[in-house]
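Please look at the structure before reading on.

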Amino acid sequence: MPASDGTVDWAALKDAAEEAMTHAYAPYSRFRVGAAARVDDGRVVVGCNVENAAYGVALCAECGLVSQLHITGGGRLTHFVCVNGDREVIMPCGRCRQLLFENGGRELSLWTVSGVKTMDEVLPDAFGPDDLS
Ligand code: THU
């Protein structure tokens, strides 16, 4: 469990990811994932993976989380964690690090398999919105 930095209750955020994981639809990989993030206005958004008979179009848990972020008012992600079906912290895949970067930027804090890290550490020198201006 990472030390609280006073801005987030990591245990509660992981609880939210675990609850989201219970809704995963993963009949093909049987690898359930739940993700949770805190938003800069204090709300928490969640997602679970949703697979498909056409395997390649599976939606990662982070996809649902980002959709919920925008549906519920937008804002910036500040803290993130995702878990597997055994409630263990896992790393977001490369594609999902890009999704998280778009919506949280370099300062987003992630509870990772090796402690709390910033987005900049898990996706260094990321391509992002600034590169298009
Ligand atoms: N998965 C996620 O939901 N998020 C990740 O960051 C890693 C992978 C899902 C996709 C697929 O449904 C299952 O885990 C196995 O790859």
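In strand pairing, L110 stands opposite K117 in β6. The model is predicted: local features need pLDDT of at least 70, side-chain atom pairs count only at pLDDT 80 or more, and totals for chains, interfaces and linings use all residues. Residues are numbered from 1 along each chain as its sequence is written, and side-chain values use heavy atoms, with hydrogens and water left out.

**Strand β5 and its partners**

- Four bridges join β5 to strand β6 (residues 115-118), and these strands run antiparallel; two strands pair if DSSP finds at least two bridges between them.
- Two residues lie between β5 and β6, which form a hairpin.
- Strand β3 (residues 77-84) runs parallel to β5 and is joined to it by two bridges; H79 has S109 as its bridge partner in β5.
- Helices (H or I, at least four residues) and strands (E, at least two) are DSSP runs, numbered from the N terminus.
- Both faces of β5 are covered, with S109 and W111 buried on one side and L110 and T112 buried on the other.
- Buried means under 20% relative accessible area, exposed over 50%, and partly exposed in between (1.4 Å probe, protein chains only).

**Aromatic pairs**

- The whole structure holds two aromatic pairs; rings of Phe, Tyr and Trp (its six-membered ring) pair if their centres lie within 6.5 Å, and planes under 30 degrees apart count as stacked, over 60 as edge-to-face and the rest as tilted.
- W10 and W111 make an edge-to-face pair, 6.0 Å centre to centre with 75° between the planes.
- This pair links helix α1 (residues 10-21), which holds W10, to strand β5 (residues 109-112), which holds W111, across 101 residues.
- W10 is buried at a relative accessible area of 3%, and W111 is buried at 9%.
- The ring centres of Y28 and Y55 are 5.4 Å apart and their planes are at 45°, so this pair is tilted.
- Y28 is partly exposed, at 39% relative accessible area, whereas Y55 is exposed, at 62%.

**Ligand site**

- Residues around the ligand include S29, F31, N49, M91 and P92, where near means that a heavy atom lies within 4 Å.
- A polar backbone atom of C93 is 2.8 Å from an oxygen atom of the ligand.
- The ligand taken alone exposes 380 Å², of which the protein buries 78%; accessible areas come from the Shrake-Rupley method with a 1.4 Å probe.

How values were computed. A polar contact is a pair of N or O atoms within 3.5 Å; within protein, one must be able to donate a hydrogen and the other to accept it, and residues adjacent in sequence count only if both atoms are side-chain atoms.
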